[in-house]
Amino acid sequence: MEKNELLRSKKLYLFDMDGTLYLGNRLYDFTLELLHTLKKTGRSYLFMTNNSSKSVEDYVTKLGKLGIAATREDFMTSSQATAFYLKQNHPGKTLYVCGTRSLIAELESEGFTVTTDLDKVECVVMGFDTELTFQKLHDVSYLLLTRKDLPYIATNPDLVCPTEFGSVPDCGSVCIGIKNATGREPIVIGKPSPLMPQLAMEKLGFSCDQTAVVGDRIYTDVKSGLNAGCTGILVLSGESTLQTLAESEDKPHLVLEDASAILQALKEL
């Protein structure tokens, strides 16, 4: 199928945000018109992010400041997916969360108890923690070393988080440090797991054939789409480069300079 025809065939777009629709606090020029055109042409979209440092409410506020009107229903986050996984597999367990206050609040709002009393911990959750302290690393290492059967969950595997000046360490990099200390690896919930696209399609009632996952990372965004049976679209406006693409075993269905190509395809209708 020709590129524009493929783009026009999709009814649900699942967008990564940072590096795809904006970079840091800079909105890409095409983003507002793209989102408007998707709705105008009868299509749907969700913002799908691995970044668990912010709650959905935080993202609603951030996008609002960038000029994007959004509600809680417009998001599928790794925090939400982690809460879903925990409900399915570890219901009612008391959590130790190496994450931000926003992640803790998100999990508490889903009915989980979060504690720093290590004797009461029944499950460890690791997030992208922009409030990280050595004490948290110490606590996680102690829990994983002294209680080998303790469930260990990570919200996302991202090694870095993009910023306007480059990158900073993300959840995946911290998990590597914990593995070096404890030998333990977490069950990872966010992209590239198919769970987030699957939950999004179930939520809005679309099939794999109707859905595209769009992002700037092959190993998370694109691979989650491929794993879920959707169309995976790589944009080169963030982390990935043509060299990254050449070196990757996973290949997207489409490679775009940026997401404005979707807008142009829809404007030709």
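Which residues have the most contacts inside the largest nonpolar core? Before I answer, please note that this is a predicted model, in which local features need pLDDT of at least 70, side-chain atom pairs count only at pLDDT 80 or more, and totals for chains, interfaces and linings use all residues. Residues are numbered from 1 along each chain as its sequence is written, and side-chain values use heavy atoms, with hydrogens and water left out.

A nonpolar core here is a set of buried Ala, Val, Leu, Ile, Met, Phe, Trp, Tyr and Cys residues joined through side-chain atoms within 4.5 Å; buried means under 20% relative accessible area, with a 1.4 Å probe and protein chains only. The largest such core has 35 residues, and Tyr13, Phe15, Leu34, Phe47, Leu63 and Ile262 have the most contacts inside it. Helix 11, residues 260-267, gives the most to this core, namely five residues; helices are DSSP runs of H or I with at least four residues, strands are runs of E with at least two, and both are numbered from the N terminus. A second, separate core has 27 residues, including Tyr85 and Phe112.

Six strands form an open sheet with parallel pairing, in the order 5-4-1-12-13-14; two strands pair if DSSP finds at least two bridges between them. At the edges are strand 5 (75-77) and strand 14 (254-256), each pairing on one side only. Strand 1 (residues 12-15) and strand 4 (residues 44-49) pair in the parallel sense over four bridges, and leucine 14 stands opposite leucine 46 in strand 4.

How values were computed:
Buried < 20%, exposed > 50% of the residue type's maximum accessible area, 1.4 Å probe, protein only.
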